[in-house]
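Here are my notes on this one, as promised. Have the model open while you read.

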Amino acid sequence: MEKLLFGAAYYDEYMPGERLMQDVAMMKKAGINVVRIAESTWSTCEPQEGVFDFSHVERVMDAMEEAGISVIIGTPTYAIPTWMVKSYPDVLATTVNGRGIYGARQIMDITHPAYRFYGERVIRKLMECTAHRKCVIGFQLDNETKYYGTAGKNVQEKFVKYLRKKFDNDLDALNKEFGLDYWSNRINAWEDFPDVRGTINGSLGAEFEKFQRSLVDDFLGWQSDIVKEYCREDQFITHNFDFEWRGHSYGVQPDVNHYHAAKALSIAGVDIYHPSQEDLTGMEIAFGGDMTRSLKQDNYLVLETEAQGFPEWTPYKGQLRLQAYSHIASGANSVMYWHWHSLHNAIETYWKGLLSHDFAENDTYLEACTIGQEFQKAGSHLVNLKKKNEVAILVSNEALTALKWFKIGAQTGESIVYNDVVRWIYDTLYQMNIECDFLWPESENFGQYKMIVVPALYAAPDSLLERLNQYVEDGGVLAATFKSAFTNENVKVSHEIQPHILRECLGTKYHQFTAPKNVALCGEAAEGASDKEAKIFMEMLVPEGAQVLASYDHYNWKKYAAVTKNRFGKGYAFYLGCMTGKEILEKVLEDALQEAGATIPAERFPVIVRKGKNDLGKDVRFYLNYSAKEQSVTSAIPAGYDLLSGAGVKSGDTLAIDPWGVRIVEAE
Amino acid sequence: MEKLLFGAAYYDEYMPGERLMQDVAMMKKAGINVVRIAESTWSTCEPQEGVFDFSHVERVMDAMEEAGISVIIGTPTYAIPTWMVKSYPDVLATTVNGRGIYGARQIMDITHPAYRFYGERVIRKLMECTAHRKCVIGFQLDNETKYYGTAGKNVQEKFVKYLRKKFDNDLDALNKEFGLDYWSNRINAWEDFPDVRGTINGSLGAEFEKFQRSLVDDFLGWQSDIVKEYCREDQFITHNFDFEWRGHSYGVQPDVNHYHAAKALSIAGVDIYHPSQEDLTGMEIAFGGDMTRSLKQDNYLVLETEAQGFPEWTPYKGQLRLQAYSHIASGANSVMYWHWHSLHNAIETYWKGLLSHDFAENDTYLEACTIGQEFQKAGSHLVNLKKKNEVAILVSNEALTALKWFKIGAQTGESIVYNDVVRWIYDTLYQMNIECDFLWPESENFGQYKMIVVPALYAAPDSLLERLNQYVEDGGVLAATFKSAFTNENVKVSHEIQPHILRECLGTKYHQFTAPKNVALCGEAAEGASDKEAKIFMEMLVPEGAQVLASYDHYNWKKYAAVTKNRFGKGYAFYLGCMTGKEILEKVLEDALQEAGATIPAERFPVIVRKGKNDLGKDVRFYLNYSAKEQSVTSAIPAGYDLLSGAGVKSGDTLAIDPWGVRIVEAE
Amino acid sequence: MEKLLFGAAYYDEYMPGERLMQDVAMMKKAGINVVRIAESTWSTCEPQEGVFDFSHVERVMDAMEEAGISVIIGTPTYAIPTWMVKSYPDVLATTVNGRGIYGARQIMDITHPAYRFYGERVIRKLMECTAHRKCVIGFQLDNETKYYGTAGKNVQEKFVKYLRKKFDNDLDALNKEFGLDYWSNRINAWEDFPDVRGTINGSLGAEFEKFQRSLVDDFLGWQSDIVKEYCREDQFITHNFDFEWRGHSYGVQPDVNHYHAAKALSIAGVDIYHPSQEDLTGMEIAFGGDMTRSLKQDNYLVLETEAQGFPEWTPYKGQLRLQAYSHIASGANSVMYWHWHSLHNAIETYWKGLLSHDFAENDTYLEACTIGQEFQKAGSHLVNLKKKNEVAILVSNEALTALKWFKIGAQTGESIVYNDVVRWIYDTLYQMNIECDFLWPESENFGQYKMIVVPALYAAPDSLLERLNQYVEDGGVLAATFKSAFTNENVKVSHEIQPHILRECLGTKYHQFTAPKNVALCGEAAEGASDKEAKIFMEMLVPEGAQVLASYDHYNWKKYAAVTKNRFGKGYAFYLGCMTGKEILEKVLEDALQEAGATIPAERFPVIVRKGKNDLGKDVRFYLNYSAKEQSVTSAIPAGYDLLSGAGVKSGDTLAIDPWGVRIVEAE
């Protein structure tokens with residue numbers, strides 16, 4: 001990327017009247033240099049089957065080109081026009097709830113030939129109209145693609161074929177591996193394969209979801225191949241990934257394997273939405289950024305994030321700017337708002353853009369102007385920021401899905417899922433200012449990290465567990481949590497003593513576990529902690545050479561360990577046998593980081609420090625104040641200058657940071 | 001009406017044995033002078049297709065005529081017999097959940113020709129049998145009619161024809177007005193019109209609900225026309241309207257436009273159910289009464305209200321009587337219980353009548369005897385009570401529906417709907433003893449009120465907003481709340497600065513809003529209030545000439561106003577930019593009432609004062625004690641007498657009111 | 001039974017590898033002498049239609065026979081193979097939610113001829129293979145059979161035929177009895193009978209559920225007849241009954257009439273699952289045991305209970321043993337775990353057996369070894385324990401179902417159902433150490449009890465109520481609660497004064513009831529109680545000769561009684577007109593027990609005392625400590641010895657009981 005992109009999604013299609021020139025002027029004032037267009041406008045650009053009208057797209061490209069604003073073209077395929085459903089009702093996905101009704105976006109069977117036929121044609125027509133344009137810098141394939149629960153007869157038939165291949169036509173192997181004998185689910189002939197939507201077998205169910213995720217990879221690959229036929233060398237291909245949604249971006253996306261799907265892209269893209277006002281912490285910005293950057297181990301695009309957002313998100317003074325620099329500090333090369341204006345109709349009327357429905361200047365827009373001006377000034381020092389992190393977190397869609405089938409904790413009470421454990425780990429590291437990359441089971445760069453944290457790797461092939469053993473033996477530090485290594489990749493529980501293959505590096509084992517009631521932790525890792533409770537789930541650890549960092553403080557469980565540490569080969573392996581409060585987790589991670597020889601900054605949340613090296617080869621350090629109180633930090637960069645004010649900064653200088661403010665220091 | 005009606009619904013059809021003469025005797029003892037019969041008994045009076053048997057109806061009319069008790073005949077159409085569904089299964093409404101299963105009442109497609117055919121025939125037969133009878137004083141069309149979610153293919157086809165007419169066949173206009181371009185919902189040919197049950201477009205969805213409400217108007221008009229062919233001049237036609245149901249009558253009925261539907265009636269009727277025991281406040285009685293009286297600006301009938309009601313409603317001593325006079329105090333000409341006895345089977349077994357299942361005298365029945373005797377004595381002073389209120393509340397089904405699509409407050413947390421705002425306003429006025437009428441967008445009598453309160457008029461045509469401006473300019477006082485004037489009648493948000501056209505009279509504007517977190521109010525309207533919290537939703541008001549009555553007490557919002565007051569023309573316009581506690585609202589309303597020159601009684605809830613002029617032209621004042629403690633008031637009528645005791649009352653006399661008691665003073 | 005059975009369900013079919021000999025060795029070490037096999041393995045033993053393979057069954061029988069371990073054979077019918085559904089999709093039950101999807105167990109129409117055809121064939125094949133085997137001591141029919149909501153066209157047609165018979169073809173009688181006139185539900189021709197799944201008539205709905213329960217009786221009778229053709233005289237036929245499930249066994253099973261269904265069995269069987277750890281009270285063990293023992297007034301089998309169970313149930317030290325003796329103390333002749341090992345796949349992966357997934361010895365298994373050794377030593381003193389209880393509780397499926405249609409309490413707030421009342425009674429008696437039997441409406445042995453407690457007998461035929469009157473008149477003590485005698489067996493409310501026929505023996509009546517708000521009790525039964533609140537529901541009792549034990553302490557209800565006691569004939573009848581705290585209930589029950597001349601032990605929960613007479617004719621007394629603290633009791637047996645330690649025990653000796661411990665004393 002040559003410059004930081006600052007922009008918004010722009011929809012000429014949705015305007016209540018002629019606005020284009022006024023909008024371009026307001027964009028210029030705000031320093032906006034990119035817009036994303038065309039995405040989800042199929043019914044406008046192909047009003048009737050085979051009738052195309054790209055006039056909105058053309059006039060926006062004309063205006064932007066004239067104004068020197070770049071354009072990203074989104075293919076319009078994630079929302080289908082009424083005429084398609086009228087003629088081919090079965091393009092609507094059949095899910096566990098039956099065939100859907102037309103209305104929302106993302107309701108089609110992404111494998112359906114009719115949908116694919118029309119999709120390909122409209123993409124080609126759009127490419128013919130846009131790919132040659134100077135202003136067009138890249139393409140976004142579809143939007144937040146998922147499989148939408150598609151599970152019709154056709155999809156299930158594909159799945160059975162997939163299984164025949166996976167098991168080499170050996171039905172006995174499938175029955176054994178999935179444990180289908182249970183409750184008489186055994187399948188004794190391929191033609192007896194039952195409707196998988198009703199299965200209560202977690203192995204079969206998880207495999208089907210894995211297969212469904214692969215449909216997304218296939219779909220994006222198909223679109224990518226079409227787009228590549230048209231696009232120039234200097235144009236990128238991206239996609240707008242999103243995350244598990246809990247009213248905002250939260251964790252690993254259950255319905256897409258980002259690592260696989262990203263292969264179709266030349267640059268990773270993402271949308272990140274997060275709580276605001278008092279609840280703004282930067283955690284989702286950092287989490288989503290770290291994960292997206294790790295996909296291709298490179299800079300990435302923030303294709304959507306909130307401007308005013310939901311009513312409860314209207315940002316306080318300073319927050320929009322703090323958020324923008326937080327994205328950049330994670331290695332983003334763009335900050336793009338969803339969206340420019342606020343919609344006057346339809347379901348997202350209250351997902352508010354930079355402008356309110358009145359198109360007038362408002363506090364949020366005015367803060368965007370500040371950001372835009374600063375980006376113009378300092379952008380060349382911030383673009384293409386490279387990070388070299390010492391710590392990585394290993395995440396797995398397979399573990400996530402398996403733990404959806406088998407929730408962690410009490411079967412009839414409080415329980416949690418995979419992303420709760422991932423965020424427990426991530427958020428604690430974030431608050432400690434330990435920057436992380438992410439790894440996936442297929443990642444090949446384990447060795448580049450001093451420390452790997454493994455939250456709840458419930459389902460994993462033996463080979464992955466052996467690689468982790470090897471990683472420790474070779475000198476790495478591993479910190480794994482409860483519920484790791486429990487089942488193989490087919491969600492078949494190991495019949496070896498747990499934690500199965502990791503038992504070797506961890507030097508600990510267990511035969512039993514429970515959901516803790518009134519159980520505290522004791523021992524060195526719990527010392528001084530205000531919250532010593534064992535939470536949600538606990539394994540009764542029996543050290544086999546490992547050192548005990550914490551034990552269970554309960555009359556019935558006191559003989560068992562809760563947290564252990566083990567020297568293995570040249571490295572160390574830590575194991576958290578239960579969920580704990582953040583203080584205990586922090587203490588264990590600190591121990592691990594020290595053994596790993598990793599850097600532990602002095603600053604703690606709400607002051608967040610993020611680092612990188614810029615295109616000029618200089619170290620850049622961001623100090624982000626996630627609080628309504630002024631904070632101060634001591635600069636750790638020997639000598640440099642404040643990138644935004646231009647003032648010189650010496651090592652040891654005290655830097656004051658405004659409420660919801662940011663300071664950026666570049667080393668000399 | 002010549003006399004106060006006091007009665008109950010009576011179902012000879014449901015009796016476990018022969019009871020008629022005993023029941024008539026018990027009715028006479030209780031002073032009951034009217035029964036409502038026949039409603040919902042279709043399967044009894046037409047046991048097989050085309051076979052009619054009105055013997056229950058006949059024998060009850062005979063007995064009542066003999067006893068001098070009047071009869072209201074209800075058409076039986078709101079519950080259909082099994083034989084109809086067996087032969088014509090598609091008379092069951094197809095809703096968003098598909099075709100229903102037979103069982104409950106109110107499950108048919110009220111537009112279906114088969115249902116209409118049989119419905120017309122049974123009504124005609126019933127009319128032939130009843131209309132000429134001396135005891136029959138009027139007819140009730142159907143019962144609590146709604147559209148029951150009917151949305152089958154036939155109904156949707158009617159809807160498309162309705163839209164073609166509304167938009168003069170201009171599909172572009174429809175797409176533009178409803179914003180259907182969004183998410184590719186644009187409809188480019190009428191024959192592409194999608195199944196509207198799945199729509200996520202609030203404009204289209206709200207229009208469909210408006211259309212569905214019009215089916216109720218049409219249905220009642222159709223029944224009214226049939227009944228009119230038979231009924232005498234002295235017989236009325238009414239309907240049993242009901243309200244949004246929250247375990248009891250609560251607010252504006254979402255599924256019926258009462259104002260439109262009432263055109264088919266000669267007198268408005270209603271059912272009102274309300275909490276009881278400690279939770280009895282009279283609010284629902286007053287709210288439902290004020291609204292129903294306003295429909296035709298005349299007296300109305302309470303066709304159903306609770307006797308014993310739900311188990312948790314069994315009235316305390318005095319409450320049944322207090323309730324009865326509260327209905328009369330609102331201008332009701334009847335108090336009729338649902339129902340006489342308690343059902344021995346079926347779903348409403350625990351919706352208990354005046355009599356329990358045992359038909360014995362009980363405390364509630366005995367209190368009804370007291371009421372009946374008092375009505376006989378004082379009824380001629382209470383019937384046809386006319387009210388002349390200074391204040392009106394403007395309500396709108398369109399605003400209600402729009403705010404169902406777009407709830408007020410956080411999108412992912414606490415939110416409220418239209419009736420919460422309506423009741424916030426109404427209940428506060430009620431507790432201040434400010435009696436109100438209701439207005440609807442089509443009402444033409446704005447000018448008769450000193451003050452109009454406008455809660456959350458979210459969706460409104462420009463013409464209505466302009467009428468409100470004019471009303472203020474001409475000297476009226478307007479008090480409007482947040483979320484008013486935001487969209488037009490098609491739920492398209494204005495692209496003018498908010499609050500759009502009302503900005504003129506209000507002298508205030510805003511560009512942004514949020515859901516408050518830890519935001520208080522400060523300023524004169526908040527002074528001394530124990531609850532200063534800004535609740536649910538807040539607009540950042542910028543006065544343009546208006547006086548600030550309250551501002552936001554929060555570091556980030558302190559520059560914005562929360563409540564404003566503006567002189568405009570000869571009147572005043574108040575604006576509440578956020579939801580508040582009742583004390584602040586009361587203070588603002590008091591200010592407005594004073595500017596309007598309206599009377600503000602000294603009494604406050606739990607003492608409720610209601611006023612009217614009786615048929616003798618005399619002022620009547622009700623003092624209602626909604627508490628378990630004795631209360632006293634000072635009579636404000638120069639000279640008069642206690643209608644129930646006959647004692648003289650002078651101005652300034654202290655009147656004691658028993659717990660859950662009532663005093664009624666008539667001026668000389 | 002010749003010996004106590006100690007065992008587990010064993011599934012060779014589900015093993016990840018060859019384990020049989022190792023498992024047998026571990027079983028022998030644990031003293032296990034019985035396994036239950038084959039249940040739910042249809043897809044394994046009939047892999048394709050008509051192809052049978054009982055090799056798993058054979059090899060397990062071989063191994064067990066060799067090891068001297070007995071075998072119980074379960075018929076495999078409660079989970080159907082995929083091939084059946086593929087060929088005959090309509091074997092899946094059609095319920096109120098439509099036709100199901102294959103996957104879970106217990107989803108078929110148990111009346112479907114195709115299912116019955118295949119079911120009979122596989123049972124016969126299994127019997128041919130197993131019935132002659134020496135190790136096979138008995139058969140379990142199906143498993144936890146219910147009707148699975150089956151309500152398809154065929155089932156409804158059977159139901160209409162059942163109704164024609166019940167009402168002797170008299171549709172008027174049916175309409176009258178069920179009150180179908182209400183809301184036009186009257187059925188005027190049998191061919192008009194509507195889809196009963198949609199009914200809102202509680203009488204019709206409850207009758208349909210009663211009919212559905214009878215399908216279970218019929219189904220088990222059918223299986224029993226088949227099995228009887230093959231089994232030897234010394235082999236028993238049992239079934240695994242279960243209870244209303246609230247995350248664990250809770251109360252009377254709504255979907256099966258155990259009393260009727262047990263007729264197909266030669267010995268009653270049951271599964272009992274209960275909370276554990278801090279929440280272990282023994283209540284469910286005692287409740288389930290007392291009920292199952294009462295079915296055939298004989299010893300019974302615990303065919304399933306938890307070993308490790310759910311994660312949150314992993315037992316504390318001592319608990320598994322305490323549980324085992326608690327079962328025996330109720331008259332169980334077996335303690336069998338579900339299941340031996342823990343499943344490596346599928347939905348019950350976390351319903352953990354004696355062994356974890358690792359098959360290693362663990363704390364729970366080791367405690368089972370202790371139990372097994374003790375059973376071997378002392379079992380002959382514990383088997384066939386007979387009980388002679390003085391108190392019985394009358395339960396009724398009809399009352400339960402009726403109170404599901406008409407919940408107790410507020411219609412729009414807090415309400416409870418039948419089993420809440422049953423457990424309120426049972427748990428209080430349990431904590432008082434009053435051992436109970438259960439009675440059903442059809443039981444003929446009322447006269448053997450000194451006292452009968454009747455919780456919420458809402459629906460009952462007159463004849464039953466007359467029998468209760470007679471019971472009291474003859475000298476019995478009756479303690480009945482609110483909501484008794486309210487409707488007849490057709491859920492038609494009596495039109496007599498309540499409590500209808502029981503009014504005679506109770507000497508009390510009421511006309512009204514309510515859901516109490518801030519109502520306390522006063523009077524002798526409430527004296528000293530810390531919780532005096534009237535809860536959920538209250539009837540306004542008017543004594544007609546009865547003594548008032550408690551009245552309502554509330555200004556509006558103070559004239560009414562809450563609890564009464566009446567001398568009637570030679571007996572006493574107590575009536576609880578409202579729900580109370582446990583102290584008040586205990587006081588009333590104590591009064592009743594004293595009048596009945598029943599024994600009231602000095603011990604109270606957490607010390608539980610259970611009594612019986614063993615095969616040697618000696619009195620045995622169990623002292624169970626349901627707490628984490630040591631407890632002590634004074635032996636009440638004149639002279640005897642500690643069955644587990646062999647030490648002598650004299651009357652008046654203080655016996656210490658370990659935390660979660662047990663002492664058993666046998667009289668000399």
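Predicted model: local features only at pLDDT ≥ 70, side-chain atom pairs only at ≥ 80, totals over all residues.

1. Residues are numbered from 1 along each chain as its sequence is written, chains are lettered from A and ligands numbered from 1 in the order in which they are written, and side-chain values use heavy atoms, leaving out hydrogens and water.

2. Chain B puts 56 residues into the contact and chain A 58 (contact means heavy atoms within 4.5 Å). About 4,600 Å² is buried between them, with carbon and sulfur atoms giving 53% of that area (accessible area, 1.4 Å probe, that two parts lose on being put together, summed over both). Tyr182(B), Trp183(B) and Lys517(B) supply 17% of what chain B buries against chain A, more than any other three residues.

3. How many salt bridges cross the interface of chain B and chain A? The rule finds two (a side-chain nitrogen of Lys or Arg within 4 Å of a carboxyl oxygen of Asp or Glu). Lys559(B) makes a salt bridge with Asp363(A), where the closest N and O atoms are 3.5 Å apart.

4. On the annotation side, UniProt has an unreviewed entry placing "domain: Glycoside hydrolase family 42 N-terminal" at residues 10-377 of chain A; such annotations may be inferred rather than shown by experiment, and positions follow the numbering used here, with feature names shortened. That stretch of chain A is 39% helix and 12% strand, its end C-alpha atoms being 24 Å apart (DSSP runs: helices are H or I, at least four residues; strands are E, at least two; numbered from the N terminus).
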